[in-house]
Amino acid sequence: MIGRQVQLLLCAVQFLTRLPTPPLRGFEPDWITRSARYFPLIGLLVGGICALVLLAASQVWSGWVPALLALGAGLLLTGGFHEDGLADTADGLGGGQTRERRLEIMKDSRVGTYGVLALVVVLGLKAATLATLTPLSAALALLAVHGIGRVAAVATMAALPHVSDRADAKYKPAPDGVKPAEVLVAALLGLWPLLLAPPLGALAAIGLAAAFAVAMALMARRLIGGYVGDVLGAIEQLAELGALLGLAAVLA
């Protein structure tokens, strides 16, 4: 039992990051779905490394530089996995007129105007918000929001139907999908850093993250009938941004 959980954890690391891991033996197609419970834990790992980069950089520079270096570290660790989903979702939902056309645009590896604008606004707001905080508060915020973003993505996997039948899709769920118990485990693993924040800041972070994530999920359900992997990336990024704005409103 413990061995299987270790395999699922390594599967989550391989799926969400560029970090080196031992090869997975006996891989089964449903492992990615079953490993979703650990996605927020991987988020905390990425957020923790970004926080350390920010704290180290703040010993040399001030202002936006530590924030941008921390965000850059996150992009290197994940390969821009979630940001790519945000850009594709913005292009597809913003540029397509029919469900089929939206999904077709999201398959295109090229980034369009909507995608570029989404990346600029979201990453810019993250950097600007982190720059308003003290280094310690910004480090705490980075740790917390990376977990919250992945919790939002896992909750979406359980709440909406998967609508892509692409052979090369970034994520193809198991037939039974993500189970409620797995969402609960993900929430427990991903939300505990909020215990280190002021209660009002924690509530603001959860409230804004939920509002941004739900708005994106409802739009995806209306325009394409559910979610695809790119939509999960968009929801993760928007939930991160909402949580960061909520925390900064109190911590700043």
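# Exercises on salt bridges and helix packing

The side chains of D108 and R110 form a salt bridge, with 2.7 Å from N to O. The model is predicted. The exercises below start from this pair.

**Exercise 1. Classify D108 and R110 as buried, partly exposed or exposed.**

Step 1. Take D108. Its relative accessibility is 25%. Buried means under 20%, and exposed means over 50%. D108 is therefore partly exposed.

Step 2. Take R110. Its relative accessibility is 64%. R110 therefore counts as exposed.

Step 3. The structure holds seven salt bridges.

**Exercise 2. Find what the salt bridge between R37 and E182 ties together.**

Step 1. Check the pair. The side chains of R37 and E182 meet at 2.8 Å, N to O.

Step 2. Locate the partners. R37 lies in the loop between α2 (31-34) and α3 (39-58), while E182 belongs to helix α9 (residues 180-191). The pair therefore ties together parts that are 145 residues apart in sequence.

Step 3. Look at the surroundings. R37 has 16% relative accessibility and counts as buried. E182 is buried too, at 6%.

**Exercise 3. Trace the salt bridge of E236 and its network.**

Step 1. Name the partner. E236 meets R150 in a salt bridge of 2.8 Å, N to O.

Step 2. Locate both. E236 sits in helix α11 (residues 229-251) and R150 in helix α8 (residues 135-159), so the bridge ties together parts 86 residues apart in sequence.

Step 3. E236 has a relative accessible area of 0% and is buried. R150 is buried as well, at 3%.

Step 4. Follow the shared partners. Salt bridges join K126, R150, E236 and E240 into one network.

**Exercise 4. Describe how α8 packs against α11.**

Step 1. Read the geometry. The two axes come within 7 Å and cross at roughly 140°. α8 passes α11 in a right-handed crossing.

Step 2. List contact residues. On α8 they include A141, V145, R150 and M157. On α11 they include L232, E236, E240 and L251.

Step 3. Judge how covered α11 is. Of its 23 residues, 19 are buried, and the helix is mostly covered.

Step 4. Check the length of α11. From first C-alpha to last it reaches 33 Å, close to the 33 Å expected at 1.5 Å a residue.

**Exercise 5. Decide how α3 is oriented against α8.**

Step 1. Find the angle. α3 and α8 pack at about 160°, with their axes 8 Å apart.

Step 2. Apply the cut-off. Angles over 145 degrees count as roughly antiparallel. α3 is therefore roughly antiparallel to α8.

Step 3. α3 passes α8 in a right-handed crossing.

Step 4. Name some contacts. Among the residues of α3 are F39, P40, G43 and L44. Among those of α8 are P135, L142, H146 and R150.

**Exercise 6. Decide how helix α4 (residues 64-78) and helix α7 (residues 113-131) are oriented.**

Step 1. Read the geometry. The axes come within 8 Å and cross at roughly 135°.

Step 2. Classify the angle. α4 and α7 are therefore oblique to each other. The crossing of α4 past α7 is right-handed.

Step 3. Name the residues in contact. From α4 come W64, A67, L68 and L71. From α7 come residues including L123, K126, A127 and L130. K126 also belongs to the salt-bridge network with R150, E236 and E240.

**Exercise 7. Check the length and burial of helix α5 (residues 81-95).**

Step 1. Compare spans. At 1.5 Å a residue, its 15 residues should span 21 Å. The end C-alpha atoms are 21 Å apart, which agrees.

Step 2. Of the 15 residues, 11 are buried, so α5 is largely enclosed by the rest of the structure. The buried residues include H82, E83, D88 and L93.

Conventions. Residues numbered from 1 in each chain as written. Predicted model: local features only at pLDDT ≥ 70, side-chain atom pairs only at ≥ 80, totals over all residues. Heavy atoms only, no water. Salt bridge = Lys/Arg side-chain N within 4 Å of Asp/Glu carboxyl O. Helix = DSSP H or I, 4+ residues; strand = E, 2+ residues; numbered from the N terminus. Buried < 20%, exposed > 50% of the residue type's maximum accessible area, 1.4 Å probe, protein only. Expected span 1.5 Å × (residues − 1). Axes fitted to C-alpha atoms, helices over the stretch in contact; angles between N-to-C directions. Parallel < 35°, antiparallel > 145°, perpendicular 65-115°, else oblique. Left-handed = near helix turned anticlockwise from the far one by under 90°. Contact = heavy atoms within 4.5 Å.
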